[in-house]
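Please take a moment with the sequence and the fold before reading on. The paragraphs below go from the overall layout to the helices, the core and a few single residues.

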Amino acid sequence: MLKNVNMILLGSDNNVDKIISIAAKYDLVCTYKIGVYGQFKQHELLVIGPNYRYKKFINEIKAL
């Protein structure tokens with residue numbers, strides 16, 4: 001079974017819990033990381049799972 005790894009970059013951590021719960025609904029593995037690169041800080045979500053489930057997940061995230 002092929003699994004893809006996708007990264008979603010967020011501006012803030014306001015919707016992280018909601019996005020992770022939606023990923024769980026589609027049986028995707030989602031990990032949260034705060035990337036600090038010098039003075040630049042970004043919120044990263046790694047989403048691991050099959051491509052067809054990821055597409056359904058992204059369509060629901062866009063509706064938020």
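A residue is called buried here when its relative accessible area is under 20%, and exposed when that area is over 50%. By that criterion, 33% of the 64 residues of the protein count as buried. The model is a predicted one, with a mean pLDDT of 91 for the protein and 95% of its residues at 70 or more.

The secondary structure consists of 2 helices and 3 strands, which follow one another along the sequence in the pattern β-α-β-β-α. The C-alpha trace spans about 40 × 25 × 15 Å along its principal axes. Of the contacts with a separation of 6 or more, 60% are made by residues 24 or more positions apart.

Helix H1 covers residues 16–25, and its buried residues are Val16, Ile19, Ile22 and Ala23. Seen down the helix axis, these buried residues of H1 fall within an arc of 130°, so they line one face of the helix. The elements that cover them include E1, E2, E3 and H2, while on the other side of H1 the residues Asp17, Ala24 and Lys25 are exposed.

Just after H1 comes Asp27, which takes a positive phi of about 60°. Most residues other than glycine have a negative phi, and Asp27 is a residue other than glycine with a positive value. Asp27 is found in the loop between H1 and strand E2, the latter formed by residues 29–37. Its relative accessible area of 54% is why Asp27 counts as exposed.

Which residues of H2 are buried? They are Tyr54, Phe57, Ile58 and Ile61, and because they cover an arc of only 100° around the axis, they lie on the same side of H2. These buried residues pack against strand E1 (4–10), helix H1 and strand E3 (40–49), whereas the face of H2 turned away from them carries the exposed residues Tyr52, Lys55, Asn59 and Ala63.

In soluble globular proteins, nonpolar side chains tend to be buried together. Here the largest nonpolar core has 14 residues, of which Ile8, Leu10, Ile19, Leu45, Val47, Tyr54 and Phe57 touch the most other members. At least two residues of this core come from each of E1, H1, E3 and H2. Leaving out residues up to four places away in sequence, Leu45 touches Asn6, Met7, Ile8, Leu10, Val16, Ile19, Ile20, Cys30, Thr31 and Tyr32.

The side chain of His43 makes a polar contact with the side chain of Tyr32, at 2.6 Å. Apart from neighbours within four places in sequence, His43 is in contact with Ile8, Leu9, Leu10, Gly11, Ser12, Asp13, Tyr32, Lys33 and Ile34.

Technical notes: Residues are numbered from 1 along each chain as its sequence is written. This is a predicted model: local features need pLDDT of at least 70, side-chain atom pairs count only at pLDDT 80 or more; totals for chains, interfaces and linings use all residues. Side-chain values use heavy atoms; hydrogens and water are left out. Buried means under 20% relative accessible area, exposed over 50%, partly exposed in between (1.4 Å probe, protein chains only). Helices (H or I, at least four residues) and strands (E, at least two) are DSSP runs, numbered from the N terminus. The arc is that of the directions from the helix axis to the C-beta atoms. Contact means heavy atoms within 4.5 Å. A polar contact is a pair of N or O atoms within 3.5 Å; within protein, one must be able to donate a hydrogen and the other to accept it, and residues adjacent in sequence count only if both atoms are side-chain atoms. A nonpolar core is a set of buried Ala, Val, Leu, Ile, Met, Phe, Trp, Tyr and Cys residues joined through side-chain atoms within 4.5 Å. pLDDT is the predictor's confidence in each residue, from 0 to 100.
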